[in-house]
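Hi,

Here is the structure I promised to pass on. Have a look at it first, and then read my notes below.

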Amino acid sequence: MRAMTTTPSQRLARGLLPLTLMLSTATFAQDATSGGEVEVLNWWTSGGEAKALGALKDELADDGIGWQNMPVAGGAGTNAMAVLRSRITSNNPPTAAQVLGYDAQDWADRDALSSLDDVAEAGNWDEVFPQPIQRFAKSDGHWIAAPFEIHSTNWVWANTSMMEALGIEQPETWDDFIASLKTAQEAGHTGLAYGGQPWQDATVFENVVLATGGADFYRQAMIDLDPEALDSDTMVESFENFRELLQYKDDNSPGRDWNLATAMVINGDALYQIMGDWAKGEFLNADLTPGEDFMCFRTPGTQEAVTFNSDLMIMFDTGDEQQQSMQRTMAEIIGSPEFQITFSQFKGSVPARNDLPSDELDACAQRGYEQAKAAADSDTLLGSMAHGYAAPASVKNAVFDIVSSFVNGNMPSDVAAEQLAMAVQGASS
Ligand code: GAL
């Protein structure tokens with residue numbers, strides 16, 4: 001992919017604005033933003049994530065906009081959201097922040113955000129972003145966030161040479177998956193690279209729920225929060241399957257960051273990692289090629305659906321004209337076709353826009369992009385619980401508590417299902 005050198009006026013031209021409006025907007029953007037700087041709160045601190053973020057920084061620089069990074073380490077934004085809240089409470093909002101679905105809605109409900117309607121209209125966002133993304137990037141019919149990409153969480157990342165050495169074929173079913181982990185363990189290897197942090201526990205757990213109960217059950221339990229589904233035999237079975245899977249992690253997993261777990265697969269210290277496709281950003285950052293050095297496949301048993309999340313950039317309403325102009329430029333960059341592709345090439349994701357050619361995406365992303373689009377059309381693009389797209393933060397955190405207690409203790413599966421239903425009910429009432 002060539003480096004992007006588009007100017008604001010070129011991007012506006014792609015939105016097919018009338019020439020007069022195009023020129024006046026571009027001129028305004030240049031005058032109002034020159035010398036300005038955006039402060040961007042995010043949790044993109046791993047190698048692949050930082051490279052992807054760098055693509056935004058470079059694009060802004062081309063438009064004469066400076067960059068003040070505000071990174072808050074901690075996967076899935078667990079720490080970043082606390083920092084963001086305290087910045088807003090002390091009346092010192094950043095220019096923009098990376099957030100996930102329900103959190104974006106929450107900030108919109110508090111009237112904290114700038115509208116992105118003019119950028120969205122010029123870029124035809126209503127047509128090119130799929131409905132499941134619009135559901136979270138719009139509020140009351142207005143665009144309040146710019147979607148970076150679509151990530152999905154039901155992926156396995158595998159070390160190809162270990163698979164070959166162990167004679168393991170890509171597993172298609174949950175049982176085959178477990179059998180392959182057993183093969184690795186019996187040969188003295190760690191089967192599952194695992195990061196024992198609540199959001200990672202929940203990421204793996206949502207994979208197991210989908211593999212165990214299927215798409216309809218996932219929706220009932222995780223999205224509709226149906227108490228009967230949460231405390232059902234299928235949920236008990238999900239916890240049983242989860243317990244079985246956990247036998248294949250190593251003893252040093254508690255507290256491990258996700259990218260260190262990815263490094264275990266990269267370095268041949270573990271066979272598989274179950275993780276969202278941001279993990280692929282780490283393989284790519286290590287110059288590894290999908291389909292050759294590493295494999296990607298949908299978590300066996302989950303092939304009928306895609307569990308997704310999408311990073312959204314929200315812009316805070318500071319009342320400052322220069323900031324507003326820079327915010328619009330940033331939103332315009334994020335939504336543009338070239339940026340959507342370049343960003344995903346670093347990040348491991350697929351474009352959130354559904355109208356782009358896929359030939360510049362890698363083999364995993366080409367498949368992932370088709371799968372995400374097909375899932376959006378067939379209503380099987382299901383929000384990730386662990387990543388803020390299934391339920392509001394209060395419920396998500398209640399799920400994290402139960403799932404992590406299960407991972408770190410000896411809670412029987414039937415007790416876990418019962419507690420999950422109670423905790424979700426308590427958090428959602
Ligand atoms: C997700 C986020 C990704 C990636 C990951 C690990 O929630 O959408 O962009 O950062 O967390 O932190």
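The chain is divided into two domains: domain 1 covers 2–150 + 309–365, and domain 2 covers 152–308 + 377–428. Those bounds come from an automatic or database domain assignment. Before you go further, note that this is a predicted model: local features need pLDDT of at least 70, side-chain atom pairs count only at pLDDT 80 or more, and totals for chains, interfaces and linings use all residues. Residues are numbered from 1 along each chain as its sequence is written, and side-chain values use heavy atoms, with hydrogens and water left out.

The C-alpha centres of domain 1 and domain 2 lie 29 Å apart. Domain 1 puts 28 residues into the contact and domain 2 puts in 27, where contact means heavy atoms within 4.5 Å. Between them the domains bury about 2200 Å², 60% of it on carbon and sulfur atoms. (Buried area is the accessible area, with a 1.4 Å probe, that two parts lose on being put together, summed over both.) On the domain 1 side, Y102, N309 and C364 lose the most area to domain 2, together 30% of what that side buries.

There is one salt bridge between domain 1 and domain 2, that is, a side-chain nitrogen of Lys or Arg within 4 Å of a carboxyl oxygen of Asp or Glu. Also, the side chains of K280 and D362 meet in a salt bridge at 3.1 Å, N to O.

**The disulfide**

Helices (H or I, at least four residues) and strands (E, at least two) are DSSP runs, numbered from the N terminus. The link is left-handed, with -110° about the S-S bond. C296 is buried at 4% relative accessible area, and C364 is buried at 2%. (Buried means under 20% relative accessible area, exposed over 50%, partly exposed in between, using a 1.4 Å probe and protein chains only.)

**One more residue to look at**

F129 sits in the loop between helix 7 (125–128) and helix 8 (131–137), and F129 is buried, at 2%. Among the residues F129 touches are W143, P147 and A352. The C-alpha atoms of F129 and A352 are separated by 6.2 Å, though the two are 223 residues apart along the chain.

Cheers

Key: A disulfide is a pair of cysteine sulfur atoms within 2.5 Å. Lists of a residue's contacts leave out its neighbours within four places in sequence.
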